[in-house]
Amino acid sequence: MADGDLDDPVNVVEPCTGYCLYETDVALQESVRREGAGHAGDSLREHGSWLGRRETMEAGRDANAYPPQFVPVDPVGRRIDELRFHPAWHYLMRGIIERGLHSAPWSSPRAGAMVERAAAYIMQGQVEAGTLCPTTMTFGAIAVLAREPAGELDFSRDWLPALYSRTYDAASEPIDRKHGALVGMGMTEKQGGSDVRANTTRAEPCAAPGRGRAYLLTGHKWFYSVPQSDAHLVLAQASDGLSCFFVPRYGPDGRRNATRIQRLKDKLGNRSNASAEVEFHGAWGVMVGEPGRGVPTIVEMATYTRLDCVLGSAALLRQAVVQATHFCSRRTAFGKPLLHQPLMQHVLADLALESEAATALGLRLARAFESDGPLERAMRRIVTPAAKYWVCKRAAAAIGECMEACGGNGYVEDGPMPRLYREAPVNSVWEGAGNIMCLDVLRAIRREPEAFRMLADHLRERGGTRAEFGAAWQQWVALCGREDAEFHGRRIAGLLALLVQAALLMEGPGGTVADAFMAARLSQPGWLYGDAAAAHPGEAACDVLLERAWPPACA
């Protein structure tokens, strides 16, 4: 290389910015139309264009490079328990709130609203994942609070307008001074983790039993999501057992509530988002739901947050595939672009297939939350935990493959790949880890046999005459009926997710995409991407999958 070329390197790949995340995602557009939200195309296109701007993507980077700081006291030593965020965090949160990802299906219900939000969520999560936590928590909390009757707190009057609001308000103030509000969650404790019935936090009534729903909470939470929120839903032990409580940041007297942050978590990923350990020193709260029914109450919220875990992992996977395909289409090795090397083409096409299937499953689940029909209830109850287990678990390995496709360029912090990789495990861990999800699938099958039969019949009909589908379906049904089904719980949950994905791809793009999925996932699946033991779908099929995954690479 001549000296003059040192400042102008060749065969390097510029950052992948300046594109519309919606217009370049064929699978997402098809899923939006198939699931009944085709009317939202214009708003999703605008959102996707904003997300693809260089400044928005740089905000995603900066929000993680400069994580929140805990400020326990003010300059004169007064306890304030506040957090300071980088301006990039507020920029991204403002964009989320203005587009209603935290509340739109509740505040402005219409056909396809859940699907529209799910598509927007998948795009948003490709740019920055930490901001999705307060978005998700608030979205799930609204579903619980909207049913609560007026009492010590009138949620419909005092809280829902602020939760529905499209104005982002990060100020630490009582709710009557706020233009918008967010809600977090506090479930787990040091000694219990997912076994929340082992919680020791106590709730003592403020009045005589039966005379009110206001309580004072004493105890701790090991993971307190979004500690800067205006309120939290918290599990605590009351006289009737484990119950759910709404604990606002400010008490009814307008003073800061007695919730004390101990420290912020130093997490592997999701670093833009604050998670804390807290203690309650007589914190004021109001019981939500029935006494002693705290787990079922908060599980309703968790059903929505689990859906968002699926969408969030689909988002990370989609962006990793975009980054890898973009890089390989512009990087030359051994005389031609990496994208045209047969083995790399096979690996990338397999990853694109994984991403398509995750997107299709996520949006189908979102549609199930729009109806209370028997099949939709079965999808929500049985398929949601299976999808959370499968999509979130698969995303981590797939994103690692995408990083590897970019070589050393994917491993350094100059690009987004390391951040995507660090984010990948979180959705498997939060809202119930893999085994918890698999056990939840089995629990739903046992407790709701009619829903199981309806779902099984639906899948059998959707599979038609496809031999690969029929064999996988028979294996799934047989495993579900075994006495030792719990031992096979992961296989049961994974097969269910694969069957739903296969059925959706047969209905949607069909043809080459569905055939490739059957061969790579249901026939003789391999243990690594690009390693399926079944017949290779061929270069023509890989071309189709890659063009759908990232059209600019094939232009």
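Let's start at Tyr224, a buried residue with a relative accessible area of 3%. Phe280 is buried too, at a relative accessible area of 1%. Keep in mind that this is a predicted model.

Next come the aromatic pairs, which number 13 in total. One of them joins Trp159 and Phe246: with ring centres 4.9 Å apart and planes at 80 degrees, the pair counts as edge-to-face, because the planes are over 60 degrees apart. Trp159 belongs to helix 8 (residues 155-164) and Phe246 to strand 7 (residues 241-248), so this contact ties together parts that are 87 residues apart in sequence. Both partners are tucked away: Trp159 is buried at 4% relative accessibility, and Phe246 is buried with a relative accessible area of 0%.

Now back to our opening residues. Tyr224 and Phe280 also form an edge-to-face pair, since their ring centres lie 5.9 Å apart with planes at 70 degrees. Here Tyr224 sits in strand 5 (residues 214-225) and Phe280 in strand 9 (residues 275-288), which links distant parts of the chain, 56 residues apart.

Here are the two pairs side by side:

| Ring pair | Centre distance | Plane angle |
|---|---|---|
| Trp159 and Phe246 | 4.9 Å | 80 degrees |
| Tyr224 and Phe280 | 5.9 Å | 70 degrees |

Rings can also join into a group: Trp106, Phe139, Tyr304 and Phe369 are linked by ring pairs into a cluster. Elsewhere, Arg99 lies over the face of Trp50, 4.3 Å from the ring centre.

Definitions and conventions:
Residues are numbered from 1 along each chain as its sequence is written. This is a predicted model: local features need pLDDT of at least 70, side-chain atom pairs count only at pLDDT 80 or more; totals for chains, interfaces and linings use all residues. Side-chain values use heavy atoms; hydrogens and water are left out. Rings of Phe, Tyr and Trp (its six-membered ring) pair if their centres lie within 6.5 Å; planes under 30 degrees apart count as stacked, over 60 as edge-to-face and the rest as tilted. Helices (H or I, at least four residues) and strands (E, at least two) are DSSP runs, numbered from the N terminus. Buried means under 20% relative accessible area, exposed over 50%, partly exposed in between (1.4 Å probe, protein chains only). A charge sits over a ring if NZ of Lys or CZ of Arg is within 6 Å of the ring centre and within 35 degrees of the ring normal.
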